[in-house]
Each structure stands twice: as C-alpha cells, then as structure tokens.
Amino acid sequence: MPDALAVRNLEKRYGSVRALRGVDLTVEEGQLVGLLGPNGAGKSTLVKIAAGLVRASAGDARVAGARAGSRPARAALGYLAELFRFPGWYTADEVLELHQRLAGSRGGAAERARLLELVALSEARDRRVDGMSKGMAQRLGIAQALVGEPRLLLLDEPTSALDPVGRRTVRLLLEELRGRGVSVLLNSHLLSEIELVCDHVAILLGGEVVAAGSPQQLAQPRGVELETDEGVHTVEGVTRDDVPRLVEEAVRSGRRVYGVRVLTSTLEETYLEAVGGETS
Ligand SMILES: Nc1ncnc2c1ncn2[C@@H]1O[C@H](COP(=O)(O)OP(=O)(O)OP(=O)(O)O)[C@@H](O)[C@H]1O
Ligand SMILES: [Mg+2]
C-alpha cells in the first residue's frame, strides 16, 4: 500500500520567496505526523501543495500514490485550512451537507450525525455558525474535513482557537482517528500537544526540515544526575543504560547514593535549539 503522503525534494517559490527548499516528508498509513516550525517556515505551503491548492515549483508530492492535486489524490484527503470561515447563517448540519455535496459523499444524514457526534457537536446540529464559540466552529471544521472518510487528514493548526478543554477534545479525537487507521498531518505551534499525540515530528525552518524523528527521539537524553553524600552532580553524555554502572562506581568509591535522575530535554528545548530562537 502506498504511503498516505509522500513528499520528495519539494520546492516552492513565490516570486523571490523560497517557501520550501527541498523537503522530504512521509506520512505512513495510519501515522499521525506533526509539522512544527516558526511563522513563515513553510508549513501551510506544504499542506496546501498536498491538498492540491498550491502548485509546487519542483519535486514530487503524492497522496495515497496519486499526484497531489489530481482527482484521486483530492478524493483521498480531507483538509482543514488555517483560516477557514463557514457561512454564518448555515447550521452545523448544513455545513456538513454542503461539504458532502462538494466531496461527492453519499453518506447522507447518517454520516452527518456520526461526524457531529465524533466532534461532540450532536447537540449543536441546528445551531448557526454565527452562534458558535470559536471552539465549536473549529470542531465543526474538523468534522467537515472528515466528510467522505478520507484516508489522509490535513489539519492546519486545528487547535489554535481552542481552550485547554477543547484542545484535549481534539487530541482525544485524533487518537480515536488513529485507532481507526486514518493518517494525519497536523500543523501546530503547540509543542506539548504534538509531543502527546504524534508518532513522528518534523521541524521546518526557512523551508527546510531541520530535525525529524519520533517525539522520544527528538527529546534527547541530557545526562544523569546523581545525589550522593557529596551532593548533587550531573554526569553528561550518558543515558539510562549507564545508570547501574554509575551507581556501582559511586558505591565502590565509598559514596552513599540517595538518588538518581535521568535527564532528558523536552521537545520544546529541542525545538528552540533547532530553530535557534528564530522566526523567519
Ligand atoms: N501566496 C503567497 N504569496 C507570496 N508569498 C507567500 C504566499 N504564501 C506564503 N508565502 C510566503 O511563504 C513563506 C512560508 O509561508 P507559510 O504560510 O507556508 O508559513 P507557515 O509555516 O505556515 O507560517 P505560520 O506559522 O505563520 O502559519 C512565508 O515567507 C510567506 O510569507
Ligand atoms: Mg501556516
């Protein structure tokens, strides 16, 4: 089975601006991939190319094996734009109905009811968009992206307007979708969120991938802290695997060991190091 999204050596120039400079990124079937990066890094551009809304200047982007922008590629994906706006006078149900028509979904009322339930909006089925909180509108946006059961979901900052409870709702929803085998590419500035849900993370800076791996790989080990009768000191360049040896050596040299702590950097620290505190 082809990957849900395969991006190879992707480049995008907007006039003199080089938004993407040779990006490789894969979203495997069923994987939840997070795309991080400062403002202007190229995250939305990459997602828009995958969605077929922006044409790449060079390189290749494929959705479920089909060229991005082609009909089969568009049929295989759901997209929630960074800045989206539904007509204010539409009800939640009507928004989904409109998108069913646009996507050619034959799911009917049953699909709409299922999606509203999934995003906890069943009660708001007949509420107009104008009367929704930002969080409700954003959850409706996610439901809209799921119309027609896409294999790949492209979410450009789906939690930017949400309060902590709303974010948690979306996070649980993403986990639920992963359980169903949906592949997701998620743009976000919320590192803790990415750390919690994603299988794989790529950090973009100035149109290039500057770091990639699982959240655990990116949150690298930073040494081991030993507390002995001589006080607390940090041994650098070692990992959890070195702990038994370190304790043994300390004890053999007459120390009394009171505590051991394996130090790791958070994804946030790795991120700040990778982007050098920059906004491009
Ligand atoms: N339509 C456009 N015309 C010209 N330049 C553009 C266009 N869209 C994006 N850019 C430029 O391309 C670069 C990447 O923009 P993009 O929106 O992809 O970044 P981003 O990572 O999504 O940023 P943010 O976190 O602010 O959403 C920026 O320098 C931006 O100004
Ligand atoms: Mg963006």
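Predicted model: local features only at pLDDT ≥ 70, side-chain atom pairs only at ≥ 80, totals over all residues.
Figure 1. Strand 11, which spans residues 221-228, is joined to strand 12 by 5 bridges, and the two strands run antiparallel. These strands belong to an open sheet of 3 strands with the order 12-11-13, in which the pairing is antiparallel. Strand 12 (231-235) and strand 13 (257-264) form the edges, each pairing on one side only. From one strand to the next, the twist averages 20°. Helix 9, comprising residues 243-252, packs on this sheet and touches strand 11, strand 12 and strand 13. The direction of helix 9 makes about 150° with that of strand 13.

Figure 2. Strand 4 (residues 58-63) and strand 5 run antiparallel and are joined by 2 bridges. Within this pairing, R62 has R67 of strand 5 as its bridge partner.

**Figure 3. The shell of residues around ligand 1.** Ligand 1 is surrounded by Y14, V17, A19, G37, N39, G40, A41, G42, K43, S44, T45 and E82. Two elements, strand 2 (17-27) and helix 1 (43-51), each supply at least two residues of this shell. Helix 1 provides the largest share, namely 3 residues.

**Figure 4. The contact of helix 3 with helix 5.** The axes of helix 3 (residues 92-103) and helix 5 (residues 134-145) come within 9 Å of each other and cross at roughly 30°. Because angles under 35 degrees count as roughly parallel, helix 3 and helix 5 are therefore roughly parallel to each other. Their crossing is right-handed. On the side of helix 3, the contact is made by A92, V95, L96 and H99, while helix 5 contributes L140, A143 and Q144. Of the residues in this contact, 5 are nonpolar and 2 are polar, with no charged residue.

Methods
Residues numbered from 1 in each chain as written. Chains lettered and ligands numbered in written order. Pairing = 2+ DSSP bridges. Helix = DSSP H or I, 4+ residues; strand = E, 2+ residues; numbered from the N terminus. Axes fitted to C-alpha atoms, helices over the stretch in contact; angles between N-to-C directions. Contact = placed C-beta atoms within 7 Å. Near = placed C-beta within 6 Å. Parallel < 35°, antiparallel > 145°, perpendicular 65-115°, else oblique. Left-handed = near helix turned anticlockwise from the far one by under 90°. Nonpolar A, V, L, I, M, F, W, Y, C, P; charged D, E, K, R; others polar.
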